[in-house]
Amino acid sequence: MNADNDDLRRLWQSRKPTAGPNPVPRFELLEDSTVPDYMPLSGGRRAGYAVGFLWTAMQFWQGGREGNWPEYVAWTGLAASVAASVLVLRERDRSPAPNPAETIQTYREALSDEFDRQFRRERRIFLGLLGAWVLVLILRTAADTLKHGTLHPGDVVLPVLAILFIIAGLRMYYRAASAVRSRLSRI
Amino acid sequence: MSSGSDADLRQAFERILSQYELPPRRLTFSYAAEQADRDDIHQEILTALWTALPRFRGDSSERTWVYRIAHNIAISLSVRRHRWTRGRETVTPDLPCADSLNPEAESLEEERHRILVEAVRRISGPDKQIVMLYLEGLSKREIADVVGLSEGAVATRLSRVRTTLAESIGKGQVKYERR
């Protein structure tokens, strides 16, 4: 290495970067930009929630028609839980966004806190939804057992699968959160 | 800047854009490999500068304020859009020379620059920002002000990272003649 510090600086600054198309933001676009008060849902999430609502409504209606009160109560609880989760998802995070005019050190910490908040929020929603689903499965199993006096193996398998699903989902969230923290410290 | 009218703000923004046109563009090279991604980062930096301008009260110098915003936005976007740097070891800067050189010298200069950019990209954490600010010509005091570390800490890190940088460029086997 023969390059001294001034040479490094000269070399770094010697090149004129190519400007991309329209690099300067237009004033009218900047001034008209407004941020909605809720988070827009992606197409996949919308479809998922639509199917969930439809399925829940059908079960609710069927339970009510057959006079199966445990099922009726269970599905009502799930419907309320799904609705609450959607409301939480759509609600915008009101915490102040990291201020980019802060020092890099402070901004990095604020960014890390923001990601932590985001992951905690998603984990809460995820656990709420799947917890409600497991509750429904357990209540249905209990209701069937009370009604018929026998326990079907299939009724046990579903709650167990649901719990495994929750564990897998939680692992996924923790891994994603850990990957973000790691990236943040590297960049 | 907080009490300025719209016209004053526009004027100030345009002056900042012309005065600091190149540094934000240069720093994007160390955060993204593709031109389109670098343009995205640059656009976001300019938007953040415009948004933050009314709140700029001169607590720090304008220069350090611009560099803080530029680096913070680049860091933020790099974390959110990891694909920018993942799995790409080679940067293709596509940079024309600022000064006209003969073709051979230009080619050598381009290769040296490419190696320097790649070496900076490989540095991780706060050291990366410190070395980029140093290469932009900021003093240790100014770097400390941008990064949020003490001047002594900046000096220590800079000394270490310059050695790393020198080793990286040395491994690039590019003969470097001092001018």
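Let's start with helix α3 of chain B, which covers residues 35-52 and has 18 residues. From first C-alpha to last it reaches 26 Å, close to the 26 Å expected at 1.5 Å a residue. This is a predicted model, by the way. The buried residues of α3(B) are B:Arg38, B:Ile41, B:His42, B:Glu44, B:Ile45, B:Leu46, B:Leu49 and B:Trp50.

Over in chain A, helix α5 takes up residues 104-148.

| Helix | Residues | Number of residues | Reach | Expected |
|---|---|---|---|---|
| α3(B) | 35-52 | 18 residues | 26 Å | 26 Å |
| α5(A) | 104-148 | 45 residues | 65 Å | 66 Å |

Buried positions in α5(A) include A:Ile104, A:Tyr107, A:Arg108 and A:Leu111, and also A:Ala132, A:Val136, A:Leu137 and A:Arg140. An α-helix has 3.6 residues a turn, so residues three or four places apart point the same way. Just after α5(A), A:Gly149 takes a positive phi of about 80°.

How far can you trust chain A? Its mean pLDDT is 72, and 61% of its residues reach 70 or more. Confidence in chain A is highest in helix α1 (residues 5-13), at 82, and lowest in helix α2 (residues 27-32), at a mean of 55. Over residues 33-38 of chain A the pLDDT is below 50, and this stretch has 4 contacts in the model beyond near neighbours in sequence.

Back to chain B: the domain assignment gives domain 1 (1-88) and domain 2 (93-179). Their contact takes 11 residues from domain 1 and 13 residues from domain 2. On the domain 1 side, α2 (22-28) and α4 (62-80) each supply at least two residues, and α4(B) gives the most, with 5 residues. By class, that side has 4 nonpolar, 5 polar and 2 charged residues.

Definitions and conventions: Residues numbered from 1 in each chain as written. Chains lettered and ligands numbered in written order. Predicted model: local features only at pLDDT ≥ 70, side-chain atom pairs only at ≥ 80, totals over all residues. Helix = DSSP H or I, 4+ residues; strand = E, 2+ residues; numbered from the N terminus. Expected span 1.5 Å × (residues − 1). Buried ≥ 20, exposed ≤ 12 C-beta atoms within 10 Å, placed from the backbone. pLDDT = per-residue confidence, 0-100. Contact = placed C-beta atoms within 7 Å. Domains from an automatic or database assignment. Nonpolar A, V, L, I, M, F, W, Y, C, P; charged D, E, K, R; others polar.
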